[in-house]
Amino acid sequence: MPGDPSKSLSPEDILVGGQAVIEGVMMRTPYAYAVAVRRADGSLEVKKEGVRRLSQMWKPLSWPVLRGFAVLLQSLVLGLRSLNFSFSAAMADADPAAAERARTKRGDSEWFPVVLSIGGAAAVAVLLFILAPLGIATWLKGYFAAVHNWVVFNLVDGVIRLVFFLGYILLISRMRDIRRVFEYHGAEHKVVYTWEAAEDLTVENARRKSRLHPRCGTSFLMFVMAVSIVVFSLFKFHAFWAIFLSRVVLVPLISGLSYEIIRLSAPRCQRGAFRILVSPGLLLQRITTAEPSDDQLEVAIHALREALELDSRKAREAAAA
């Protein structure tokens, strides 16, 4: 393909990732991201922007563990911005007048809905995956003497948190609209695999790839669940409020450690202990991904090509600065 940016770049040079959105895919490269969304008329609408590397803002953000939490925060912001863009496109297809009124009301700024979404998501996560499991584990101490042991208490708390997480995934997987997102999730993985195999970014090549990827956010969350049990067991408190507060404060450390583990295990996922390590996340991806159509693969490929094109330009600008 003439002018295809993927011809001048290689997987060794650029690590790519992505996220499924409403009727589309976001693809992320070190210096850029692009979102491609399929509109109701069959056309593709694209949003792409440069991304500043976190280590350029503050050198310690490139250090192990610290970089994990920083990457998580940046990915969350980019992901919510991408979701907001795809939601606006879907809303415009469903009700153009309402979409225009909403756009006029909020102006050109998209930061308010992103900040609001982050705040809401954080509140729900704390309530559902920290406060509720901790409350149940504390309640169980009154009925089972073994739960008074600090290690057992944290193991019970972790199992409850995992049950809540799996229940949440299973619940949303039954929603028709979410199934569509899961299909785009599968398309994103297949196209990333195609890039990592240094093959041409075509539907034919992507179709043959697996929809399960070891660097997926689903796998990352599984690592978070496991690592949290170990980390929480290292810091012992007695008062309920102190235990709860410690769990919130330790989230950056847990996410940073989980990032390092998945970064280490992903390239070695077919070998020995690493294969066992990534298997729970890959198993869960059988729920959070679905086989995509060729149309959906086309969207993911378009998003990656747009991101690669902008990344190449932004990388040259960064090198010249």
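Two rings of Phe, Tyr or Trp, the last taken by its six-membered ring, count as an aromatic pair if their centres lie within 6.5 Å. With that in mind, and remembering that the model on screen is predicted, begin with the aromatic side chains: a search of the whole structure finds three such pairs, and two of them are visited here.

Select Phe129 and Phe165 to start the tour, and view the two rings together: their centres are 6.3 Å apart and their planes stand at 70 degrees to each other, an arrangement that is edge-to-face. If you then colour the helices, you will find Phe129 in helix α4, which covers residues 111-140, and Phe165 in helix α5, which covers residues 150-173, so this pair ties together parts that are 36 residues apart in sequence.

Now turn to charges placed over rings. Select Lys141 together with Phe153, and you will see that Lys141 lies over the face of the ring, 5.4 Å from the ring centre. For the last stop, select Arg247 and Phe232, where the charged end of Arg247 sits over the ring of Phe232 at 4.4 Å from its centre.

Note on methods: Residues are numbered from 1 along each chain as its sequence is written. This is a predicted model: local features need pLDDT of at least 70, side-chain atom pairs count only at pLDDT 80 or more; totals for chains, interfaces and linings use all residues. Side-chain values use heavy atoms; hydrogens and water are left out. Rings of Phe, Tyr and Trp (its six-membered ring) pair if their centres lie within 6.5 Å; planes under 30 degrees apart count as stacked, over 60 as edge-to-face and the rest as tilted. Helices (H or I, at least four residues) and strands (E, at least two) are DSSP runs, numbered from the N terminus. A charge sits over a ring if NZ of Lys or CZ of Arg is within 6 Å of the ring centre and within 35 degrees of the ring normal.
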